[in-house]
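Subject: Structure for your review

Dear colleague,

Please find below the structure that I am passing on to you. My findings follow it, and I would be grateful if you could read the two together.

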Amino acid sequence: MARITAGVSTSHIPAVGAAIDLGKMEEDYWKPVFKGYEFSKDWMKRNTPDVVLLVYNDHASAFDLSFVPTFAIGCAGEFQPADEGWGPRKVPTVQGHPELASHIAQSVILDEFDLTVVNEMDVDHGLTVPMSLMFGQPDAWPCKVIPIAVNVVVYPPPTGNRCYQLGKALSRAVGSFDEDLNIQIWGTGGMSHQLQGPRAGLINKEFDAHFLDKLVSDPENLAQMPHVDYMREAGSEGVELVMWFVMRGALNAEVEQVHRFYHVPASNTAVGHLILENPDATP
Ligand code: DHB
Ligand code: FE
C-alpha cells in the first residue's frame, strides 16, 4: 500500500532560487536562510520518498487570467521548469507519476473534490525552489513529483478549511493505491508577505509564530480563519498559507515535529519551514 510518511512546509521565495543558482548561498545575507535547511537536506537523504505530492501555486507561469483552476493536479510524465522572464531555472526536469496522479484524480474527484486534470504544464518557483531547498543541486531529482496547484493569486482562493479537507481526501486516495510507495506531501508559500502597495514588505512575526504552533497542534481550529485575517495580519500574499493546510490535512491528527525554522529577512518574505512525521507510517 502507498502511505504518506511525512509532511514538509516551506516558503518558496524566488530570490532564494536565484541565490542558489548564482552561487550566493555563502553571502552574509543568505547564509542564515540556508542554514535552516541543512537539517532538512540531511533528513531528506535519510527519508527520501518515492513520490512527493507538491502543493504550490502557479504565479501566472503555466496559467494566466484566461483560466484559473482552483485546484489542479499534474498528471504528466514530466514537467519542465517555467521561464518566469529570465529563462528557465537550470534545475532538473521534474519527473511525474502519471499512474498515481490519475488514481488520485479519480479517487479525489469521486470523493467530491473537483480537481482540474492538467496533462501539460511548466512548473515555476513555487515548486522548484522548495525542491532545491530540500534536495540541493543534484543532476536529477531523487524522486517523482505530482504537482498540485492551488489558486491563491486570483480572488477568490479556496478557504483554509477546504484545503484541509482536500488534504484528507488526498490521504484517502493514497491509502487506496495498491503499490508499496513512500509518499510525502509538501505545502509551499507564505509566510507573512506583501509584495505591493503601501504595505509592501509587511512581516508579522507574532502571526507567523502562532500559525506555526497551531498548524501542528490545532489545525482544525486554525483552518477556520477567514481570508480577511490573512490579508490584514499576514499581507496580501500571506494567503498562500492556506496551501499548508493541504499538507496538514493529509497527515495524522497527531504528528511529530522534527524540524521548525523561521527567519527574517529573505526578499520580501518571512521564511517558515516545518518537517512533520506521521508516527505510525514510517517505512
Ligand atoms: C516573493 C515571495 C513569493 O512567495 C513569491 O511568489 C514571489 C516573491 C518575495 O518574497 O519576493
Ligand atoms: Fe509565492
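The largest pocket holds about 470 Å³ of space, the volume being the space filled by probe spheres set on grid points joined across faces, edges and corners. A pocket here is an open set of points on a 1 Å grid over the protein atoms alone, where a 1.4 Å probe fits, with protein on both sides within 12 Å along at least five of seven lines; lining residues have an atom within 4 Å of a point. This is a predicted model, in which local features need pLDDT of at least 70 and side-chain atom pairs count only at pLDDT 80 or more, while totals for chains, interfaces and linings use all residues. Residues are numbered from 1 along each chain as its sequence is written, chains are lettered from A and ligands numbered from 1 in the order in which they are written, and side-chain values use heavy atoms, without hydrogens and water.

Of the 24 residues lining the largest pocket, Val152, Leu195, Ser236, Glu237 and Glu240 lie nearest its centre.

Glu240 (OE) also coordinates the iron ion (ligand 2), together with His12 (NE2) and His59 (NE2), at 2.0 to 2.3 Å; donors are N, O and S atoms within 2.8 Å of the metal (3.2 Å for Na, K and Ca), and sites may look incomplete because water is not among the atoms. Their spacing along the chain is H-x46-H-x180-E.

The second largest pocket has a volume of about 370 Å³. Its lining comprises 21 residues, with Gly17, Ala18, Asp21, Arg89 and Lys90 nearest the centre.

Yours sincerely
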